[in-house]
Amino acid sequence: QYFDFQTDLTFEHLALRMLGKIIGNYQITSELAQGGMGAVFRGRHVSLPREVVVKSILLSSFPAHAQEQLKARFLREAYVQSQLSHPNIVGVYEFFTASENYYLVMEFVDGMSLRDLIKRQGILTPAQAIPLIKQALAALDYAHNFNYVDESGNRHKGIIHRDIKPANLLLDGMARLKITDFGIVKLAGESSLTRTGFNPGTIDFMSPEQIRGLEVDARSDLYSLGVTLYQMLTGRLPFPSLEDS
């Protein structure tokens, strides 16, 4: 396991240490979340009126054999996301490295996730759900056909998200949707940067081929978005996992 009780304590200490700290041109103002790779903070530019999200991994909290892979995944996330420019995809502003920390500065979406909206409101009407899904489809179509350069300078076409779910669909106050967390993206035609035996994604929203650990393509993202639409309109999942039953 990369993330255990000891690591939880380390990230809690990191969160306390980060408040008020300046990373590059951004001051950390609060903690937003903790996850399997690190912590997520809210920040603001020291001289411009810009609110941001700062993702961080504390490499020293992980075993030595895991650190190179974590750095590679974080670096890939920075390279890929920084090239994406679409109104329905969360933008990446900057990337910083330190002796034991990597930081990714991203666009802050002032609102809530689709998951939070469903929890608050319950079932969405078709009139509410369809415009949101159309925005997500526009973003995925852009990503699936995007031409970009990877961290090694090689050119590719097509980015697969692999973790489309309500929690990764953010909504601002004007009902504009933005897809976030391209941290486990698969570059079309490239091998994965994840550990052997680790299948990224959230099982309730995974396509059958992704659950089986098979090769995935753009259709897997569309399947996950379809599951998301089903939950939006019915308030439940089409195929809930055993742990949810």
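Author: Look for the spot where α4 passes α6: the crossing there is right-handed. This is a predicted model, by the way. Helix α4 covers residues 126–144 and helix α6 covers residues 218–234, and the two pack with their axes 11 Å apart, at an angle of about 170 degrees. Because that angle is over 145 degrees, α4 counts as roughly antiparallel to α6.

So who's actually touching whom? On the α4 side you'll find P126, A129, L132, I133, A136, L137, L140 and H144. Facing them from α6 are A218, D221, L222, L225, L229, M232 and L233. Sort the residues of this contact by type and you get 13 nonpolar, 1 polar and 1 charged.

Now for the loop residue. Hop over to R50, which sits in the loop between β3 (39–45) and β4 (51–58).

Leaving out residues up to four places away in sequence, R50 touches Y26, G43, R44, H45 and Y93. Take Y26 from that list: Y26 and R50 are 24 residues apart along the chain, with 9.1 Å between their C-alpha atoms. Their side chains are joined by a polar contact of 3.4 Å.

Note on methods: Residues are numbered from 1 along each chain as its sequence is written. This is a predicted model: local features need pLDDT of at least 70, side-chain atom pairs count only at pLDDT 80 or more; totals for chains, interfaces and linings use all residues. Side-chain values use heavy atoms; hydrogens and water are left out. Helices (H or I, at least four residues) and strands (E, at least two) are DSSP runs, numbered from the N terminus. Contact means heavy atoms within 4.5 Å. A polar contact is a pair of N or O atoms within 3.5 Å; within protein, one must be able to donate a hydrogen and the other to accept it, and residues adjacent in sequence count only if both atoms are side-chain atoms. Axes are lines fitted to C-alpha atoms, for helices over the stretch in contact, and angles run from 0 to 180 degrees between N-to-C directions. Angles under 35 degrees count as roughly parallel, over 145 as roughly antiparallel, 65 to 115 as roughly perpendicular and the rest as oblique. A crossing is left-handed if the near helix is turned anticlockwise from the far one by less than a right angle, and right-handed if clockwise. Ala, Val, Leu, Ile, Met, Phe, Trp, Tyr, Cys and Pro count as nonpolar, Asp, Glu, Lys and Arg as charged, and the others, Gly among them, as polar.
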